[in-house]
Amino acid sequence: MSHPGEEQDNVKAKWIEKMVKSAKRYHKLCPYYDKRTGQCLLMVTVEGRTGKCDREGRFDGCPVFTKFLEKMYEYYRSRKKVLPNDFQDVVQQAYFVL
Ligand code: SF4
């Protein structure tokens, strides 16, 4: 049985997957991973607290990284904006959004 939000959930999951793939083309390690200190630079925006990355910068499947993309997705949807195809566009827009 499908539920009303299911299609949107699929669109969201597909878009997040696409952005992770796109991010991988640019970054070997998470762009929000501070190698020197081990801090996750996204945690404060996404979780409202500071914290260390316990994944050594492997962002594929990272809950914090996924949450960040989810937040961006909600932003695009609520503003009826076109979903970006490139991770770099998300990064630039996130600067103003989050
Ligand atoms: S916790 Fe996730 S988002 Fe944060 S630096 Fe590590 S891989 Fe990146």
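The following questions and answers describe a predicted model of a protein with a ligand.

Visitor: How are the residues numbered, and what pLDDT do local features need?
Guide: Residues are numbered from 1 along each chain as its sequence is written. In this predicted model, totals for chains, interfaces and linings use all residues, side-chain atom pairs count only at pLDDT 80 or more, and local features need pLDDT of at least 70.

Visitor: What percentage of the 98 residues is buried?
Guide: A residue is buried if 20 or more other C-beta atoms lie within 10 Å of its own, exposed if 12 or fewer, and partly exposed in between, with C-beta atoms placed from the backbone. Of the 98 residues in the protein, the buried ones make up 17%.

Visitor: Which residues are closest to the ligand?
Guide: The ligand is surrounded by 14 residues. By class, this shell holds 11 nonpolar, 1 polar and 2 charged residues; Ala, Val, Leu, Ile, Met, Phe, Trp, Tyr, Cys and Pro count as nonpolar, Asp, Glu, Lys and Arg as charged, and the others, Gly among them, as polar. The closest are Cys30, Tyr33, Cys40, Cys53 and Cys62.

Visitor: How are helices α1 and α4 oriented to each other?
Guide: Axes are lines fitted to C-alpha atoms, for helices over the stretch in contact, and angles run from 0 to 180 degrees between N-to-C directions. The axes of α1 (residues 6-26) and α4 (residues 87-97) come within 8 Å and cross at roughly 95 degrees. Angles under 35 degrees count as roughly parallel, over 145 as roughly antiparallel, 65 to 115 as roughly perpendicular and the rest as oblique. The two helices, α1 and α4, are therefore roughly perpendicular.

Visitor: Which residues of α4 meet α1?
Guide: Two residues are in contact if their C-beta atoms, placed from the backbone, lie within 7 Å. The contact of α1 with α4 has 5 nonpolar, 2 polar and no charged residues. On the α1 side are Met19, Ser22, Ala23 and Tyr26, and these meet, in α4, Phe87, Gln88 and Val90.

Visitor: Which residues does leucine 98 contact, leaving aside its neighbours within four places in sequence?
Guide: Leucine 98 is found in the segment after α4. It is partly exposed, with 13 other C-beta atoms within 10 Å. Leucine 98 and lysine 71 are 27 residues apart in sequence, yet 8.4 Å apart in space, C-alpha to C-alpha. Beyond the neighbours within four places, the contacts of leucine 98 are Thr45 and Lys71.

Visitor: Is glutamate 56 buried or exposed?
Guide: Glutamate 56 is found in the loop between β2 (51-52) and α3. Its phi is near 50 degrees, a positive value in a residue other than glycine. With 10 other C-beta atoms within 10 Å, glutamate 56 is exposed.

Visitor: What is the phi of lysine 80?
Guide: Lysine 80 lies in the loop between α3 and α4. It counts as exposed, with 6 C-beta neighbours inside 10 Å. Most residues other than glycine have a negative phi. Lysine 80 has a positive value, near 55 degrees.

Conventions: Near = placed C-beta within 6 Å. Helix = DSSP H or I, 4+ residues; strand = E, 2+ residues; numbered from the N terminus.
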